[in-house]
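Happy to walk through this one with you. Let's take it question by question.

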Amino acid sequence: MNLKTVKPGYLTIAASNFDARPMTYLEGERLGYEPDVARAVCAKLGLEPEWINIPWIEFYPTLAAKQCDVVWFNQAITEERRTRANFTQPYGFFDEAVLVQTKSEIYSAADLAGLRVGGLATSTNLQLAESFGDVEIVPFPGSDRVLPEMLEALRKGEIDALVDDELVLIAAAKLDPNLRIAFSVPTRIPFGIAVHQENLELLRSLDDTLTALIQEGKLAEIWHRWIPEKEFPIQW
């Protein structure tokens, strides 16, 4: 297949290098659910995946400038993002959660009243935080270390709670006994691959390949490798 890409023979993927396991992280090579799906997709398309590390806030400007082929890093499909890119069908649906210090008395949304709740600026996570009612929203700009920065703010008490994707926060809590999940919210946010709006051929090819991986059971196999505690959320 002779697809038009930024670098011939490669799929250039905008991502960040911070630890967001089990979705994606670095240990010599890029590991996690998303990288393994990317490798499976690229194998079918005859491409090599190549990740570039950029700040979250630069994802869509980089895509618009055609310096990457796709944004593939924990991207919820939202109406706002659809104005800047086309999205493939979802490769997963994900819930959200609230992380707090282990010693805190926060166990529900009601317990957050009057407190500072942090999250990634312009994200679905902050939209969820706004639904909690009388809370002080603390947005974090999308640097290339935004998750570690938010976790450090929580540890230092600069925020009282952090809203993010459930799987990422579960992994963070496992690594730090001073943090715990206060509660989860079953939002089932769809994640997709963002593609430049002019590259319809690549969009169709990615969509067709994801469909094939779902039908073959390969996507479910990768899901269960990295996210064994959750049922594969896509039915065919």
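Q: Which residue in β10 does Val117 stand opposite?
A: This is a predicted model, in which local features need pLDDT of at least 70, side-chain atom pairs count only at pLDDT 80 or more, and totals for chains, interfaces and linings use all residues. Residues are numbered from 1 along each chain as its sequence is written, and side-chain values use heavy atoms, with hydrogens and water left out. Strand β8 (residues 116–120) runs parallel to β10, joined by two bridges; strands (E, at least two residues) and helices (H or I, at least four) are DSSP runs numbered from the N terminus. In β10, the residue opposite Val117 is Ala161.

Q: Which strands stand at the edges of the open sheet?
A: Five strands form this open sheet, with mixed pairing, in the order β9-β8-β10-β7-β11. A strand with a single partner has one side left without a neighbour in the sheet, and that is the case for β9 (136–140) and β11.

Q: How many of the five residues of β8 are buried?
A: Buried means under 20% relative accessible area, exposed over 50%, and partly exposed in between (1.4 Å probe, protein chains only). By that rule β8 is mostly covered, and its buried residues number four.

Q: Why is helix α6 largely enclosed by the rest of the structure?
A: The buried residues of α6 pack against β7, α5 (146–156), β10 (161–165) and β11 (179–191). They are Glu166, Leu167, Val168, Leu169, Ala171, Ala172 and Ala173. Helix α6 (residues 166–175) is largely enclosed because its buried residues number seven of ten.

Q: What arc do the buried residues of α8 cover around the axis?
A: In helix α8 (residues 218–226), the buried residues are Leu219, Ala220, Ile222, Trp223 and Trp226. They lie on the same side of α8, because the arc, taken from the directions from the helix axis to the C-beta atoms, is only 160°.

Q: Which residues touch the most other members of the largest nonpolar core?
A: A nonpolar core is a set of buried Ala, Val, Leu, Ile, Met, Phe, Trp, Tyr and Cys residues joined through side-chain atoms within 4.5 Å. In soluble globular proteins, nonpolar side chains tend to be buried together. Of the 72 residues in the largest core here, the ones touching the most other members are Tyr33, Val70, Trp72 and Leu219.

Q: Which residues is Thr62 in contact with, leaving aside its neighbours within four places in sequence?
A: Thr62 lies in helix α2 (residues 59–64), and at 8% relative accessibility it counts as buried. Contact means heavy atoms within 4.5 Å. With those sequence neighbours set aside, the contacts of Thr62 are Ile52, Ile54, Gln67 and Cys68.

Q: How many disulfides does the count come to?
A: A disulfide is a pair of cysteine sulfur atoms within 2.5 Å. The sulfur of Cys42 has its closest cysteine sulfur in Cys68, 13 Å away, which is too far for a bond. Cys42 is buried at 1% relative accessibility, and Cys68 is buried with a relative accessible area of 3%. The number of disulfides is zero.

Methods. Two strands pair if DSSP finds at least two bridges between them.
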